[in-house]
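Okay, thanks everyone, I'll keep this short. Let me put the sequence and the structure up, and then we'll walk through how the pieces pack.

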Amino acid sequence: MATFRLNVNGSQKTVDVDPSTPLLWVLREELKLTGTKYGCGISACGACTVHVGGIATRSCIVPVDLVGERPIVTIEAIGNDPVGSAVQTAWIEKDVVQCGYCQSGQIMSAVALLKDTKKPTDKNIEESMGGNLCRCATYARIREAIKSASQQLG
Amino acid sequence: MSNRSQTCGVFAVVTFLAIWISISMSQAARPSLESQAGLAAWEKVYSVLISPRCINCHTATNYPQQGDDRHRHFANVVRGPEGKGVAGLNCVSCHQERNADSTGAPGGHNWHLAPLSMQWQDLNDQLLSSATVCRAVTDRSKNDNLDGAGLLKHHTEEQLVLWAWNPGRRPDGSLRTTPPISHQEFVAATRTWVDAGTPCPKGR
């Protein structure tokens with residue numbers, strides 16, 4: 001066990017865990033931030049996506065001891081960000097969600113895309129969102145919502 | 001001088017010239033000992049470059065490979081404009097500064113694909129020949145303008161090169177395979193090859 005000080009959603013959190021514990025487990029089990037989901041556990045589905053140092057990161061395979069001082073942002077706080085807020089608004093407007101399990105990861109990846117590329121093409125969206133799987137196949141609505149958020153952001 | 005003497009003289013000159021030309025051509029066709037040693041050393045270098053730990057990120061395609069069978073990287077990972085993936089799906093979305101043995105994700109500083117100019121396989125994922133790879137590696141318009149000393153330094157110090165000999169564990173806990181020779185042998189072979197003038201095999 002070791003003690004880690006993490007910057008999560010703008011707050012300093014201290015956790016006492018095994019250094020090899022994946023960040024996802026720290027967020028969900030230690031910090032009770034359960035908006036981020038466990039999907040595959042091998043970074044193949046994207047459900048566990050959070051932002052670490054501004055990068056969309058698969059929290060299920062990143063041990064907590066590799067996070068360092070980089071700030072972590074989860075779905076619980078992404079709405080505080082202008083891009084995150086626009087994406088969430090677009091998600092509601094386009095009624096994207098079906099079962100919803102993958103959607104926190106989808107939104108985190110979409111925000112990362114729009115922060116990098118203000119006017120994404122279909123190809124940009126396909127490539128950037130390609131690692132986020134949705135068993136309900138809401139892909140068409142996800143693409144519409146990303147374009148809508150892009151328009152909102154101007 | 002008699003005709004016979006003249007004939008003998010001409011014969012001697014022609015014979016001498018023939019022998020001299022023959023020796024010259026033989027020497028031209030046969031590499032020097034240093035060059036031969038350099039070519040042998042290059043083959044050792046090449047054996048490392050085409051090992052999965054190296055060549056999986058030296059693809060000609062829009063994606064990296066993974067595993068000893070060099071299959072396409074899972075999760076729809078793509079190369080991206082700078083070889084670092086794309087926003088939302090960067091290489092560093094999973095690959096951190098060092099290996100994550102508890103989860104099986106390999107890692108190292110500045111994880112990225114090699115540029116397309118350093119592709120060591122074709123679009124059908126077939127390995128390029130030793131001669132072709134050698135020409136690419138020594139072409140300063142393709143290799144980030146590295147001369148022999150630069151190539152030696154790259155092979156000696158570059159973090160992702162070093163990673164090949166410390167590739168960590170797979171998700172099932174087993175150790176990833178490493179290149180066929182040690183890093184020390186790889187550097188020694190590179191030095192011999194560079195000292196010989198970075199000779200490349202003939203042919204395609």
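Predicted model: local features only at pLDDT ≥ 70, side-chain atom pairs only at ≥ 80, totals over all residues.

Let's start with a pair of helices: α2(A) and α3(A) make a right-handed crossing. For bookkeeping, residues are numbered from 1 along each chain as its sequence is written, and chains are lettered from A and ligands numbered from 1 in the order in which they are written.

Back to that pair. Helix α2 of chain A covers residues 82–93 and helix α3 of chain A covers 103–116, and they pack at about 125° with their axes 9 Å apart. Axes here are lines fitted to C-alpha atoms, for helices over the stretch in contact, and angles run from 0 to 180 degrees between N-to-C directions. So α2(A) is oblique to α3(A); under 35 degrees would be roughly parallel, over 145 roughly antiparallel, 65 to 115 roughly perpendicular, and the rest is oblique. On the α2(A) side you have Val83(A), Gly84(A), Val87(A), Gln88(A) and Trp91(A), and these meet Ile107(A), Ala110(A), Val111(A), Leu114(A) and Lys115(A) of α3(A). Contact means C-beta atoms, placed from the backbone, within 7 Å. By class that's 7 nonpolar, 2 polar and 1 charged residues, with Ala, Val, Leu, Ile, Met, Phe, Trp, Tyr, Cys and Pro as nonpolar, Asp, Glu, Lys and Arg as charged, and the others, Gly among them, as polar.

Zooming out, chain A has 5 helices and 5 strands, in the order β-β-α-β-β-β-α-α-α-α. Those are DSSP runs numbered from the N terminus: helices are H or I with at least four residues, strands E with at least two.

Chain A is split into domain 1 (2–73) and domain 2 (78–153), with bounds from an automatic or database domain assignment. Their centres, over C-alpha atoms, are 21 Å apart. How many residues of domain 1 of chain A are in contact with domain 2 of chain A? It's 13, against 11 residues of domain 2. Strand β3 of chain A, residues 49–52, gives the most to the domain 1 side, with 3 residues. That side has 6 nonpolar, 6 polar and 1 charged residues.

Over to chain B. Helix α2 (33–49) and helix α4 (130–137) of chain B cross at roughly 90°, their axes coming within 11 Å, so α2(B) is roughly perpendicular to α4(B). Trp42(B), Glu43(B), Tyr46(B) and Leu49(B) touch Ser130(B), Val133(B) and Cys134(B) there.

Then there's α5 (148–157) with α7 (183–195) of chain B, at roughly 180° and within 9 Å, so α5(B) and α7(B) are roughly antiparallel. Among the contact residues are Leu151(B) and Leu152(B) of α5(B), and Phe186(B) and Val187(B) of α7(B). The classes come out at 5 nonpolar, 4 polar and 1 charged.

Last, the interface. In this model, 21 residues of chain B are in contact with 23 residues of chain A. The chain B side has 12 nonpolar, 7 polar and 2 charged residues. That's me done, thanks.

Terms used: Contact = placed C-beta atoms within 7 Å. Left-handed = near helix turned anticlockwise from the far one by under 90°.
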